[in-house]
There are 2 protein chains.
Amino acid sequence: MIDWKITERGFYPEKIAFNGNKFLIANGYMGVRGTLEEFTKDQLVAVNMAGLYDQVGNGWRESVNAPNGFFTYLIVDEEICRLPECEPSEHSVSLDYRNGIFSRKTTWKTPRGSLTVESERFVSLAQPHLALMKYKISSNFHADIELITGIDADVWDINGPHYSNMELFEEDGLIKAIGTTSEKGHKICVTENCSINLPSEKRLSIKDKKILRHFCFILRPEHDCVIEKWISVCTSNDTENYEQKAASLINDYMKSGYKYVKNSHIEKWEERWKVSEVFIEGHKEAMEALNYSIYHLISVAPRHSKSLSIPARGLSGQVYKGAVFWDTEMFMLDFFLYTDPQVARTLIKYRIDTLDGAIRKARYYGYDGAFYAWESQETGDDACSDYNVVDVFTKRPVRTYFKDKQIHISSAIVRGIMRYIEITGDKTILDEGGAETIIECAKFYYSLLLKRLNRNVYELHDVVGPDEYHERVNNNGYTNRMAKYTFDMAVEVLSSVKNLEPETAKRLKNKYKVSQLIKSFTDASKHIYIPQPDKNGIIEQFDGYMKLEDASLEEVRSRLLDEKEYWGGANGVASHTRIIKQADVVTWLAMFPDDFPHEILLANWRYYEPRTEHGSSLSACMYGLLACRCGMPEKALPFFMKSARADLEGTGKEWAGLIYIGGTHPAAAGGAYMTAVNGFGGIYFEEEKLKAKPQLPPNWQKLRFNIYYKGKLHRVEVDQKGGVSVTREP
Amino acid sequence: MIDWKITERGFYPEKIAFNGNKFLIANGYMGVRGTLEEFTKDQLVAVNMAGLYDQVGNGWRESVNAPNGFFTYLIVDEEICRLPECEPSEHSVSLDYRNGIFSRKTTWKTPRGSLTVESERFVSLAQPHLALMKYKISSNFHADIELITGIDADVWDINGPHYSNMELFEEDGLIKAIGTTSEKGHKICVTENCSINLPSEKRLSIKDKKILRHFCFILRPEHDCVIEKWISVCTSNDTENYEQKAASLINDYMKSGYKYVKNSHIEKWEERWKVSEVFIEGHKEAMEALNYSIYHLISVAPRHSKSLSIPARGLSGQVYKGAVFWDTEMFMLDFFLYTDPQVARTLIKYRIDTLDGAIRKARYYGYDGAFYAWESQETGDDACSDYNVVDVFTKRPVRTYFKDKQIHISSAIVRGIMRYIEITGDKTILDEGGAETIIECAKFYYSLLLKRLNRNVYELHDVVGPDEYHERVNNNGYTNRMAKYTFDMAVEVLSSVKNLEPETAKRLKNKYKVSQLIKSFTDASKHIYIPQPDKNGIIEQFDGYMKLEDASLEEVRSRLLDEKEYWGGANGVASHTRIIKQADVVTWLAMFPDDFPHEILLANWRYYEPRTEHGSSLSACMYGLLACRCGMPEKALPFFMKSARADLEGTGKEWAGLIYIGGTHPAAAGGAYMTAVNGFGGIYFEEEKLKAKPQLPPNWQKLRFNIYYKGKLHRVEVDQKGGVSVTREP
């Protein structure tokens, strides 16, 4: 069995940013980076809020970080004793990812003796507004201690400062930080109380955007000091009475005690693991990495809302603007569909509820229907900038086309909805706006179709496919195939209008010329150009790809003049070669393995793999999945491991040009899960039944997991020899 | 009257490159840069050959420079006496542009006295293979002279060396350099003889790719030394017996004597001026600049061929690969139509004869019909590279889209043919392939037309218009308008097949489904999207132009980090602003002033002028022409002057990124002529008659010029008050 704990010993300042991600704790409502209590914004501390955004001036609109209620440090014998300034004699941080608990232990040698701090903290999975910390100090000498703890409202921002106002005050023993965001005037209220087990001299300070309690006492070897910090975070988005609610949460839960709250939190985690844990017999490292990935997915799942999604960097900060990408529908959704369908519904509902934003975006560009945001925030308007990369040579922003040309995004939403219906059987999502969403996405693609006067095919021009290094291409295979899929799904929905709720049927008939749309979309699906394999079985990624220079990955890498240089765009080292950022044709084939015979899948896997830089964490799992489809689990394994270990190893890119892009990678985590369950597990659905054609990598003796299908939990066990056992709950 | 001579006094090394252009002499067959006899490739000496190209390895294919038969320098008292090393006490160079004669006069002070060299040279307008130089040395002391003269075959190349072999030898008193080009094995044979008026000790040397005569003598104050050099250039393209021809040319003409050959040359110039000279009463500077421009046009006109065109940089060197651009048809053609229709026919015939290359280019990109080369050489295949600019920051070549997206080129050819017919009345050009050329160009645009399924207009996407700073745009107004024009012209030709020669009619009927093409092109012309003026009367240059940042020219210029930086392309300072390189909408309106009422023309002139960088020498004349159409001759005047003085002042760009683009600007010269004659002169053709609605700038009392129309010379005189006199030759 695995030990459910990752620990890092020793203190390495250069790892502060990465460990902030690796040791993240979160509960879907907020994420707290794996930084130390004494850290400030200089060390990228963040209490990142889900679904709450702000824009300052012309800066990027991005998610908001709450004031940090964990902030705590020590003055020992009148010397400040904290990292990173004060070198420790011993230091470790750990994450208990079975229970979502972060801990640290640090010992400092002072001139008079040694002193140890041990802390643990968690953000409650049972009560999303609540976060607790226990902080223990012990020493082998009579230490003169000033313990400083409170709320640090001087938050880390990438494009801030996001608070136009910050109130810091004490009331009824609670200290509070209430920030007002600059754009929309959201209120973020952080409230804290703190107990201490020793008599001490107490005072309060408010200075430098911090409200702090000061406890002064003599610490004796025979009696450790323990404080418990109770932190609640509420916002005006949650309730009008955010301040009152934040206060009563603390007052109420404090009565139950630290242990009770911690146990409730752990119980919730156990509930999740009971369904979500994946057992891999024969490959401990794989099982650890996969369940660590699952930990991240559970952590960032929005359970407190009926309509919210997961940002591409989870709740690890403001990178990528805290925005939601296709990552959710294409890479994370399967995990939630299989293990927590309510969360899957919440993710899908978010897209339905932001349809208006997608319609506005389409109108802006002169198209019909719904063009979903490449980077979606609370309204569905696009948070993506026209300039997403900074040129390392000129320091100028570079025009990129993610926002306006990556049209495949809308099809990912359609796929999400249809996949939700396929796995859960719950068609009410169509009644709740899912039908319109699909139809508007189809209308969007329809309005983009171009027909040459002398050809009887419909084309999609000037797009960016999954491989973002090649911008503004025509007839990207993946995009065209997904557009075709969208037309097909719209036809399916429109053709079965009569099977929907009468209300829905009526609404749709009033809104759309149903039979005309069916005719148009059927025609579009029939005539849209889908690139076909050439004589070697290779599908050209886009028109003209095969005319590009066929330089090797090493050759292209060797052309870099600066390691932070962006590979793509108009003039990147990869742009005019066949080197691609991430799975593109392979993503198509992994999504639609029945489009072509097995040998075509294989030929394309073999052709594109050496030409893929895997510059996106979304790439590896698609190669893993398709390798499984091609009957090569041994080839899939390294891609699976790469996905599963994305946040453990930090080998991903931290820079795009001069823009920091580090953070957690929940899509890689979801991709690892898909590779394990759909790929190695080989599960599929036929005649309303869950079935499996497993193909386990060498050494994987058994693979065991649970899947909700049509509302029923199925326990699946497959083995190396192809044995399959599916047990359905009664 | 003007004095027909430009002179520069003093020696400025930094002006060597520019003066090479300014003082160019040429006769359509070859161009000799305005460099000094003692200069070598280090000073960009070139004897540039028309229509002869070579490629070495993967370098750019470019025109070939012949060995330099003028090469001459002195050793005086055992000291080398030449520029730029040896500072002169007096120095001047002159160009007699009435007669196409370059001269120089230089005096050096030596320790023993002063010595003066005076030379003159010309490339014969009467005999295109012949070039002569007279070189006189005088001194005020008994100078010990070694005069070295011969052929310097160590030619200047941009992407050379172009000779895989070079033979240097003497035969029958002639010295010869016969080079073999590396790609196609063309032979370029330069033959020289030299007479000297003083007894001297003679010897020959062959060294460092030079074959040189050495004359040693004592020069006395009372007796100047004069040599006459006779140079002939013939190539295997001219005749199989190029060597024999080159030799006999020299032997024959030497018998006639220097004076006779010079007079024949001058007579030919007089013949040209008799028709071409433009008189401007009241603005001497304008008359000088315009006739200097006309000098350049006459110089580079291909009179020795029936099918040849003029490179964008004339015969001033290998810049722009010695290739032919739309410059010829759009900017130079009117001058030749009006003053030398045979040359106009030769230019047009070149395009007809390179139709196959245009068809190959269209096929390569997957289109139908004829996609003319952006940079055309002898076969019509495109010499333009995919990478035409070098990034100043990374030194990397930058992908540009001149070659593959500047589709308006084909329409320029169509305009050239139709304009030729309009002015000359000579429809035989249609029989000789002009008809097919027009039809194939229309087929090309037809195959590019895109129709959105839900719109009933045809669009042209992903193009580059005249404004090259904005690449890959949709529905560039100029391009769409010219495509419409092409459809119209094709319909005109196809509809009048029966009026053509029976042979032609039969050929066309065999080759094309005439009535179907008429139907298609009529439909295309009707439905192609032509942007219309907005509520302010402004026509959007391309889809989305008005969404770009409206920064001022000064603001955009101030963003340059390097003065050689390219403004356009994907990431140039202008690319994402409304700043344009050159007249674009204005070119459309100047070509088709009847498309819109006068106030729309004016509104667009006023809107685009301050947003135009005029980074191309093609820009000013279009603003000049349209200003005249708008009744603003006083606004047109500075643009006219800028065009006319392009090669006098050298204010044009010399760099595109890190690529040298200096040279002469015959299109600016042609544009100046068009502005004078079509603009200020206001001539137009109605009911088979030449008419004029002049509008002269202030101070221009009278404007007088000659125009061939329908084969007859018309003498036109217009005046400040709008008076018009047209006299037609009987």
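Domain bounds here come from an automatic or database domain assignment. For chain A, that assignment gives domain 1 (5–273) and domain 2 (277–728).

The model is predicted: local features need pLDDT of at least 70, side-chain atom pairs count only at pLDDT 80 or more, and totals for chains, interfaces and linings use all residues. Residues are numbered from 1 along each chain as its sequence is written, while chains are lettered from A and ligands numbered from 1 in the order in which they are written.

**Overall build**

The C-alpha trace spans about 90 × 65 × 55 Å along its principal axes. Of the residues in chain A, 56% count as buried (20 or more other C-beta atoms within 10 Å of the residue's own, with C-beta atoms placed from the backbone).

Chain A holds 20 helices and 30 strands. Both are DSSP runs numbered from the N terminus: helices are H or I with at least four residues, strands are E with at least two.

**The nine-stranded sheet**

In chain A, 9 strands form an open, antiparallel sheet in the order E1-E8-E9-E10-E11-E18-E15-E14-E13. Two strands pair if DSSP finds at least two bridges between them. The edge strands, each pairing on one side only, are E1 and E13 of chain A. Neighbouring strands are turned by 15 degrees against each other on average, direction ignored. Axes are lines fitted to C-alpha atoms, for helices over the stretch in contact; angles run from 0 to 180 degrees between N-to-C directions.

Helix H3 (258–276) of chain A packs on this sheet and makes about 125 degrees with the direction of E11(A). The strands touched by H3 are tabulated below.

| Strand of chain A | Residues |
|---|---|
| E10 | 113–123 |
| E11 | 130–139 |
| E18 | 225–235 |

Glu171(A) stands opposite Leu174(A) in E14(A).

**Between the domains**

The C-alpha centres of domains 1 and 2 of chain A lie 36 Å apart. In domain 1, 32 residues are in contact with 29 residues of domain 2 (C-beta atoms, placed from the backbone, within 7 Å). Elements giving two or more residues to the domain 1 side include helix H1 (16–22), strand E4 (47–54) and H3 of chain A.

Terms used
Two residues are in contact if their C-beta atoms, placed from the backbone, lie within 7 Å. A residue is buried if 20 or more other C-beta atoms lie within 10 Å of its own, exposed if 12 or fewer, and partly exposed in between; C-beta atoms are placed from the backbone.
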